[in-house]
Amino acid sequence: MQEILDAILAGEHDALGGLSVPDHYRGMTVHADESEMFAGIPSREKDPRMSLHLDDIPTPELGPGEAIVAVMASAINYNTVWASIFEPISTFTFLRRYGRISPLTARHDLPYHVVGSDLAGVVLRTGPGVNAWKAGDQVVAHCLSVELESPDGHGDTMMDPDQRIWGFETNFGGLAELALVKSNQLMPKPAHLTWEEAAAPGLVNSTAYRQLVSRNGAGMKQGDTVLIWGASGGLGSYATQFALNGGATPVCVVSSPEKAEICLRMGAELIIDRNAEGYTFWRDEHNQDPKEWKRFGAKIRELTGGDDPDVVFEHPGRETFGASVYVTRRGGTIVTCASTSGYEHTYDNRYLWMNLKRIVGSHFANYRESYEANRLISKGLIHPTVSKVYALADTGQAAMDVHSNSHQGKVGVLALAPEEGLGVTDHEKRARHLPAINRFRGV
Ligand SMILES: NC(=O)c1ccc[n+]([C@@H]2O[C@H](COP(=O)([O-])OP(=O)(O)OC[C@H]3O[C@@H](n4cnc5c(N)ncnc54)[C@H](OP(=O)(O)O)[C@@H]3O)[C@@H](O)[C@H]2O)c1
């Protein structure tokens, strides 16, 4: 591994094809025999530091259409939190199901799961049938894994019945020194970014792009008012940038003055601190409070000068969904990709049908959408939102930060990279965008 790292650090990428791939590597795992370790404990008290382990992993055999990547940096996504607290189900259920398809997919069905759905690094080896990428290419990977043997996925690959999220529903993910990906997950690493900055946007940037910008999601247009929940968080920090970059007006919802400050730094002007306003959309466990929806809607109108949101960017789920449906403008769209606070949503359907609103479900992004989202990063039109970076061995704490909502933007993790700040090849472009790249640092 040291030889590989030395070659990467020396910029001798072409030499990598001549070096042998190590037969084992260090990676962050959860263990099948610990799936019940948090049984009976409330979600908030389940501690990823107890369930995430740094293990020595045998390198998987390389299959057709695949690549092994030397991972320089990765990032925490909420799916690593879900995997580490074994909610809503243990990820070993996914691995077992995937393993049933073929001998190749059976490699993923193991008693340990190497997690992580983002990476920036360098290709070490490609399998048979891979022509677009070669050893030495500097890459980032999106996390869409598809088989594409069914006609269903050939219009939009997210429709493939065998669509999975790499590093969550498949094994050998990015929170490790090596990762196994399909070659159609690879995209060029933005040259002006460090390894940890390049790794961070991946999953959330692609997801927010489809959810908000793509015609497969809300299809946001210039002039739209967009209500963004968790606007300084993983998804929200990219949704806010897409709204601003696309000529829309974001209304950013956050929960602290520090998070409001970050939204201002991104260029947003309309911000609601949900804690300071003290919204209680749920009166008790079973009943929502429409007066609170109205108070929230009035606040949005006060900020926008009377406009209701054309688009509501939803992911908190149960706690906010009733309010989201209520405040959306007549004919507007609520686009949802998650249910962090609970997946059984209730809302007053009269406000939906009488006002001709639409609820759109959105999940990750196809290769084209991921590529377009990554291209915006490469062009310096959208910027990474890294606030803090941990060593691989401290992934448990990094996941804990996200689980406890004490983070901002994205939390990075160094894999093979020995320190932050490495991997930049376009220094001139970096210098032009440095203040924007560092917006989330030190808040
Ligand atoms: N389907 C997909 O493809 C996909 C992709 C990415 C993520 N996700 C899911 O989307 C969710 C968010 O992911 P993320 O990466 O953005 O996480 P994140 O970095 O934790 O950000 C989410 C933000 O939402 C806000 N929030 C959390 N609970 C809330 C509540 N009860 N009410 C209002 N706001 C709340 C918080 O912001 P404030 O405290 O500042 O309000 C938080 O910072 C997760 O459940 C994740 O699994 C799905």
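**View 1. Six strands side by side in an open, parallel sheet.** In this predicted model, the strands line up in the order β13-β12-β11-β14-β15-β16. Strands here are DSSP runs of E with at least two residues, helices are runs of H or I with at least four, and both are numbered from the N terminus; two strands pair if DSSP finds at least two bridges between them. At the edges stand β13 (270-273) and β16 (358-361), each with a single partner strand, so one side of each has no neighbour in the sheet. On average, neighbouring strands are turned by 20° against each other, direction ignored. Axes are lines fitted to C-alpha atoms, for helices over the stretch in contact, and angles run from 0 to 180 degrees between N-to-C directions.

A word on the ground rules: residues are numbered from 1 along each chain as its sequence is written, and side-chain values use heavy atoms, with hydrogens and water left out. Local features need pLDDT of at least 70 and side-chain atom pairs count only at pLDDT 80 or more, while totals for chains, interfaces and linings use all residues.

**View 2. Strands β14 and β15, and helices that pack on the sheet.** Four bridges join β14 (residues 311-314) to β15 (residues 333-336), and the two run parallel. Look for Phe-313, whose bridge partner in β15 is Val-335. Helix α12 (residues 318-327) packs on the sheet and touches β11, β14, β15 and β16, contact meaning heavy atoms within 4.5 Å. The direction of α12 makes about 170° with that of β14. Another helix, α11 (residues 290-304), lies across β11 (225-228), β12 (249-254) and β13, running at about 150° to β13.

**View 3. The largest cavity, about 70 Å³ in volume.** Rolling a probe the size of a water molecule over the atoms shows where empty space is left. On a 1 Å grid over the protein atoms alone, a cavity is a set of points where a 1.4 Å probe fits but cannot get out; a pocket is an open set with protein on both sides within 12 Å along at least five of seven lines; and lining residues have an atom within 4 Å of a point. Grid points are joined across faces, edges and corners, and a volume is the space filled by probe spheres set on the points. Searching the whole structure this way turns up two cavities of 30 Å³ or more. For the largest cavity, α14 gives the largest share of the lining, four residues, and β6 (138-141), α7 (202-213) and α14 (367-378) each supply at least two. Its lining includes Met-187, Asn-205 and Ile-377.

**View 4. The second largest cavity, about 60 Å³.** Among the residues lining this cavity are Glu-66, Tyr-98, Trp-166 and Lys-182. Strand β9 (residues 178-182) gives the largest share of the lining, three residues.

**View 5. The second largest pocket, about 210 Å³.** Of the 15 residues lining this pocket, Pro-64, Glu-66, Leu-104, Glu-147 and Lys-182 lie nearest its centre.

**View 6. Two buried residues, Leu-203 and His-433.** Buried means under 20% relative accessible area, exposed over 50%, and partly exposed in between (1.4 Å probe, protein chains only). Leu-203, in helix α7, has 14% and is buried. Leaving out residues up to four places away in sequence, Leu-203 touches several residues, including Asn-77, Cys-143 and Phe-364. His-433 sits in helix α16 (residues 427-437) and counts as buried at 15% relative accessibility.
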